[in-house]
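Work through the two exercises below with the sequence and coordinates at hand, and try each task before reading its solution.

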2 protein chains.
Amino acid sequence: MPTRNTSLDRLFRPRSVAVAGASTNVDSAGHDYVVSLKNFGFEGPVYPINPKADEIAGYKAYPRLADIPGDVDLVISCIPSNGVLDLVSQCAERNVRFLHLFTGRFSETGDEGAAQLEREIAAKAAAAGVRILGPNGMGLYHPAAGISFRPDLPLAAGGVAFLSQSGNNAVEAITRGAARGLRFGKVANYGNGLDITPGVMLHYLAGDPETTVIGAYVEGVPDGRGFFEGLKAAAARKPVIIHKAGRTQAGARSAASHTAALAGTAELWSTALRQAGAIEARNQEQLLDLMIGAALLPAPKGKRVAVVGGGGGRSVQSADACEESGLVVVPLPSEVRENVRAKAPQLADWIGNPVDQSILAGSGLSSNGLLELMLASDAYDIAIANVGEDWFFGRPDADERLTHACNRLAAIAKVSPKPVAVVLGATETPNLAHRVLVDKVRDAMTEQGIAVFPSPERAAFVLGKLTAALV
Amino acid sequence: MPTRNTSLDRLFRPRSVAVAGASTNVDSAGHDYVVSLKNFGFEGPVYPINPKADEIAGYKAYPRLADIPGDVDLVISCIPSNGVLDLVSQCAERNVRFLHLFTGRFSETGDEGAAQLEREIAAKAAAAGVRILGPNGMGLYHPAAGISFRPDLPLAAGGVAFLSQSGNNAVEAITRGAARGLRFGKVANYGNGLDITPGVMLHYLAGDPETTVIGAYVEGVPDGRGFFEGLKAAAARKPVIIHKAGRTQAGARSAASHTAALAGTAELWSTALRQAGAIEARNQEQLLDLMIGAALLPAPKGKRVAVVGGGGGRSVQSADACEESGLVVVPLPSEVRENVRAKAPQLADWIGNPVDQSILAGSGLSSNGLLELMLASDAYDIAIANVGEDWFFGRPDADERLTHACNRLAAIAKVSPKPVAVVLGATETPNLAHRVLVDKVRDAMTEQGIAVFPSPERAAFVLGKLTAALV
């Protein structure tokens, strides 16, 4: 019996890939997997398997796995479920290390025959030393290795690992995260998690030098102990954020029919995640916000927050959000106040933390200037900078002024050893020119690796969670 | 002594407006107010007051209020604070009913002299029968009457009233709300609320036939009893949503320096708002979401929710969100299941509520079809429809397919007597073509008055709040 692989290096970075059930139909997964390897510049051989086609997406096709001339590290399966047992045998014969089953319709259907077939596949693969990712999962996205489960995903590569039980959730996390500056490393959508469970992958990612931050979306875990051991190992070495779904009765019912997952109660999970050292997200939005905070911001040293920018209403709302997120809104220290007095004496006894941008008008002081003064003070550990873009829209030269303010803010945030979370609203305006402008300045900041959040509440939530363990 | 106005009709719909401190400088509020009246098509006479200019934005300018030939219903003041006492006298002489003080730097500065001046203005105006909106507020936005505090705001008119202590919060609520389909009626940013308090306005809006839904952002209320009486009167007749800010210590400190408001504790406010029949929002996002739900959705009759669309992960997340928001995720009733069996027998025992769109592929059933079946069933009171746009992006003809699906969904939602909350993600993708596409289908839906939310959590939150009082 071949030895069982303990490393997942060759899963995430295979030297060669075969696609069983590769298809010439451009509207099929069997076509997508092949085209994805092409689009992502996979450097090794790609072997589409299709008995009727000569080539697919420019790659020579083979009738069977047995006909492929070279070694195969990874087989991606898009064939129907009734062919998978035979495919496992073929993989064993060719000494294929990893088999990813995009193939679904197993235990998740609730059908006993389908669940039995899944168990037989697991047993046969285990005996043959073939490790299985899936079934019922989209598999791998790892741009640095040239592999993706969809041809249209972002090409940029980085160190953020992401494990997802759900395929559509993985796609959303990748695209939404990329739009906000996350650069992904090893991403796996593991579906039913038959063999390579999230626990197995967490163990692996804990020691993976490429991986700096780990996010995960789980509905249930097949191997509870392995999961929490993997989680503990990973969280001891890097930030790990977990979104546990299927917390409610209705959610658990839905999870069973999605990936046959047995979901647990919310409170037990929260406690267990905290004990393992993970950060808990309650929904996809929080998951992405926390991954962005953990990946893009320097590690915070404390909870004392400086807040600048936006008008008075925004200041009040930011203060509420900070305090309700466990941050400490420290009043302006005297050295900063004296600096203000030197430039704008009439404001020195009025201005506070948060800094209301609207009272600065005409004073020669800007909220970016205040941000610099406050970041330089020992009174603050972290900062939230509201851009307050709606004010700019009402002024002449809105484009130039907003761009200038954002460029300066980005320059400050980039060199600051203290985390600066930028707040720039979601692009919600009926004015199309304003939409384009907000998208432009946001893109310019995220491309520089600035952490941008659409509301002070979301920025404060992230900073609150990242500093929760600090005194 | 002139009688004191009890109706605010002529405040929100003045027949003539004078702008004291009108300016030829395009980068000033004194210019904005005049241009706004022009842009919004104000039908009555507009009188810029400026001793040095002949005309401003095409309107003949007058040196003093006394020089204006006709009656003046409303004076908007952009002059410095030290000229306001005299302006009140002039208003009294000309029998001006309403004076809006954009002018600030009164009690909000924390300066005792400024606070004393504010009190003198209040006393003098009360004695003279001149009612004051502000000071330190941007004033009125009422597109149906041709009045706005900024020239660049949306022109579309409707029945959603909005009261805001904060100017920048009012601008954000108007633009963000408009982008999502809200059509505003009477909007006032009342700043320090010296005379025309939110309580006075709530009393008025309660009986205002134009107003169908009321939203308000308050930091503190100068007249607690009047506020809650006005609130009770309004909430008895139409949905009223209140965002109380300055709930925390830091928030209350910030509110004092913003609009001199005395803010109270969070729990007392929550209780009082509930007892008055209002719906409480905890931040601007919730405030807008709730206003959209109240304004655009038919009134729900119960908490039993049908959820369709999106993949399995989205289904599990939607179920969690619904149950955690107090909704009841009722399993698929047998009549719907039998309808599914007739078309797709292999799915009949697998499919559930939420409906996982990904398992419908190739079955001849769509999530829109399921939505129609579920809306027709007595088992459901309300629905959440996930568009699941990321799936479409991965397919050929994404534009055509997504547009078709959204058009059909909009047609279903529009005629449904049960509320259908649509979930279409925020435009977060690095793919610019996808951004344009999502914006396009979202705009098409909101223009038809469909309530669209960017996540299932936010849709569920709104439906939970709107049905909280139902059994």
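Domain bounds are taken here from an automatic or database domain assignment. The model is a predicted one, in which local features need pLDDT of at least 70 and side-chain atom pairs count only at pLDDT 80 or more, whereas totals for chains, interfaces and linings use all residues. Residues are numbered from 1 along each chain as its sequence is written, and chains are lettered from A in the order in which they are written.

**Exercise 1.** Determine how domain 1 of chain A meets domain 2 of chain A.

Solution. Begin with the division of chain A into domain 1 (9–133), domain 2 (139–296) and domain 3 (305–466). The centres of domain 1 and domain 2 of chain A, taken over C-alpha atoms, are 23 Å apart. Next, count contacts, where two residues qualify if their C-beta atoms, placed from the backbone, lie within 7 Å: 26 residues of domain 1 of chain A touch 24 residues of domain 2 of chain A.

**Exercise 2.** Describe the side of chain A that touches chain B.

Solution. By the contact criterion, 72 residues of chain A meet 72 residues of chain B. On the chain A side, α11(A) gives the most, with eleven residues.

Notes: Helices (H or I, at least four residues) and strands (E, at least two) are DSSP runs, numbered from the N terminus.
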